[in-house]
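Good morning, colleagues. Please have the sequence and the structure open while I go through the fold.

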Amino acid sequence: MIFFIRIRDIYTLFHIIYIMINEIKKSDKDWKEKLTPDQYMVLRGKGTEKPFTGELLNNKKKGIYLCAACGNELFTSETKFDSGSGWPSFNDAINKENIIEKNDNSFGMKRIEVICKKCGGHLGHLFDDGPLPTRKRYCINSLSLKFKNK
Ligand SMILES: [Zn+2]
């Protein structure tokens, strides 16, 4: 009996995965049309832009940083700082409700991945070596961001 239940559970699980893959494939095509190849590589492929190449790295204007894919509000210029890492860095998010912080153990590193909650796009990683008062460093790909002047 237990054996049969497990077979059925496995079947259900595969069915759910099948549906999810189809959903992803569908929206994947939309993203490819909407984003530039570089943006797609970072936002949908969890890639990382080359350091010191981001358009918004040295942006010192006052305003809001939005998700390049969906326009979700992510960071403000007040929390941006120069970390020397080569990627735009922030010591806080505009609202914790707008992002997901997820454990990421890829490439043999223990990191926290930062994801846009609205569209699921990959933004960057979160480290604990930022400046006071939060000591946090949101290390974000410029390609994942869009800037809106205040
Ligand atoms: Zn987004």
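How many bridges join strand β7 to β8, and in which sense do these strands run? Strand β7, residues 122–127, is joined to β8 by 4 bridges, and the two run antiparallel. Within this pair, Phe127 of the model stands opposite Arg137 in β8. Please keep in mind throughout that this is a predicted model.

Are the residues on the two faces of β8 buried or exposed? Arg137 and Cys139 lie on one side, Tyr138 and Ile140 lie on the other, and all of them are buried, so that both faces of the strand are covered.

What is the order of its 3 strands? The order is β2-β1-β9; this sheet too is open, and its pairing is antiparallel. The edge strands here are β2, residues 73–76, and β9, residues 145–149, each of which pairs on one side only. On average, neighbouring strands of this sheet are turned by 30 degrees against each other, direction ignored.

Both pairings of this sheet involve β1. With β9, strand β1 (residues 63–67) pairs in the antiparallel sense over 5 bridges, and Ile64 stands opposite Lys148 in β9. With β2, strand β1 pairs over 3 bridges, also antiparallel, and Tyr65 stands opposite Phe75 in β2. Strands β1 and β2 form a hairpin, with 5 residues between them. In the turn of that hairpin, Gly71 has a positive phi of about 85 degrees.

Finally, the overall picture. The protein has 2 helices and 9 strands, and along the sequence they follow the pattern α-α-β-β-β-β-β-β-β-β-β. How is the protein divided into domains? Domain 1 covers 2–34 and domain 2 covers 63–149. Taken over C-alpha atoms, the centres of domain 1 and domain 2 are separated by 29 Å. The C-alpha trace of the protein spans about 65 × 35 × 25 Å along its principal axes.

Two totals complete the description. Of the 150 residues of the protein, 25% count as buried. Among contacts between residues at least 6 apart in sequence, 55% join residues at least 24 apart. Thank you for your attention.

Conventions. Residues are numbered from 1 along each chain as its sequence is written. This is a predicted model: local features need pLDDT of at least 70, side-chain atom pairs count only at pLDDT 80 or more; totals for chains, interfaces and linings use all residues. Domain bounds come from an automatic or database domain assignment. Two strands pair if DSSP finds at least two bridges between them. Axes are lines fitted to C-alpha atoms, for helices over the stretch in contact, and angles run from 0 to 180 degrees between N-to-C directions. A residue is buried if 20 or more other C-beta atoms lie within 10 Å of its own, exposed if 12 or fewer, and partly exposed in between; C-beta atoms are placed from the backbone. Two residues are in contact if their C-beta atoms, placed from the backbone, lie within 7 Å.
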